[in-house]
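Please keep the sequence and the 3D view at hand while reading.

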Amino acid sequence: AVGLERLQVTLRPTTSGTTSNRHRPATADGAFRLDNVSPGDYLVTVQPMPPGYYVKAVRLDQMDALEQPLMISGPVSGTLDVLLSRSAGRVDGSAVNSRGQGVPGVQVVLVPAPRLRWRFDLFRTTTTDSTGRFSLVGIPPGDYSLFSWEGLESFAYFDEDVLRQSTGTSVRIGESSTATVQVTIIPAALP
């Protein structure tokens with residue numbers, strides 16, 4: 001059992017000036033309410049996501065809120081449907097230097113395809129172990145790029161300019177699949 005009553009559905013604004021809306025606790029069948037939602041564009045998130053699950057679909061009437069922000073322009077009387085799947089994917093791999101040696105203790109970042117980079121919930125990070133290996137679990141199916149930088153400011157991987165100037169390793173994640181990938185560390189820029 002997933003424990004639906006523990007899940008928190010949140011509308012997070014895609015722009016500043018709007019506040020997040022959290023639902024009241026869900027019932028055992030997963031029903032929830034979002035009241036007093038201000039007009040704006042929102043990313044729908046579900047936390048805490050049970051291990052191995054991902055948000056497969058979010059729909060309000062005919063609007064797919066995983067392909068574009070959920071746009072609220074006034075009172076809404078429809079139902080926001082959130083579908084979870086327990087078929088999340090996984091990425092196992094290693095981060096190596098230019099000589100092909102595993103590098104311990106470096107951050108590896110999984111970045112969604114450019115059209116979905118507004119969805120910060122799809123970005124995933126981890127740190128390599130003592131041999132340079134890593135695992136990322138609970139990954140929604142889709143196309144991603146893996147990056148590992150020798151030196152990068154915290155959260156700079158959200159910056160499109162940083163991503164454009166870096167070469168990542170492409171990876172496609174399928175439902176219930178494991179992708180095995182080797183990513184070469186991007187050297188720090190010289191001062």
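The model is predicted, so local features need pLDDT of at least 70 and side-chain atom pairs count only at pLDDT 80 or more, while totals for chains, interfaces and linings use all residues. Residues are numbered from 1 along each chain as its sequence is written, and side-chain values use heavy atoms, with hydrogens and water left out.

The largest pocket holds about 480 Å³ of space. A pocket here is an open set of points on a 1 Å grid over the protein atoms alone, where a 1.4 Å probe fits, with protein on both sides within 12 Å along at least five of seven lines; lining residues have an atom within 4 Å of a point. The lining has 20 residues, and the closest to the pocket centre are Arg 33, Leu 34, Val 76, Gly 78 and Leu 80. By type, the lining consists of 12 nonpolar, five polar and three charged residues. In this count Ala, Val, Leu, Ile, Met, Phe, Trp, Tyr, Cys and Pro are nonpolar, Asp, Glu, Lys and Arg are charged, and the others, Gly among them, are polar. Strand E6 (70-72) and strand E7 (80-85) each give at least two residues to the lining, and E7 has the largest share, with three. Strands (E, at least two residues) and helices (H or I, at least four) are DSSP runs numbered from the N terminus.

**Salt bridges**

Side chains of opposite charge can pair when their charged atoms come close. The structure holds seven salt bridges, each defined as a side-chain nitrogen of Lys or Arg within 4 Å of a carboxyl oxygen of Asp or Glu.

Glu 175, in the loop between strand E13 (169-173) and strand E14 (178-184), and Lys 56, in strand E4 (residues 54-60), are 119 residues apart. Glu 175 is partly exposed at 38% relative accessibility, and Lys 56 is partly exposed at 41%. Buried means under 20% relative accessible area, exposed over 50%, and partly exposed in between (1.4 Å probe, protein chains only).

Arg 90 is partly exposed at 31%, whereas Asp 92 is buried at 17%.

**Backbone features**

Gln 47 and Pro 48 are joined by a cis peptide bond with omega of about -15°. Pro 48 is in the loop between strand E3 (40-47) and E4.

Which residue other than glycine has a positive phi near 55°? Asp 61 does, and its place is in the loop between E4 and strand E5 (63-64). Asp 61 is exposed, at 55% relative accessible area.

Ser 176, also not a glycine, has a positive phi of about 55°. Ser 176 lies in the loop between E13 and E14 and is exposed at 54%.

Note on methods: Grid points are joined across faces, edges and corners, and a volume is the space filled by probe spheres set on the points.
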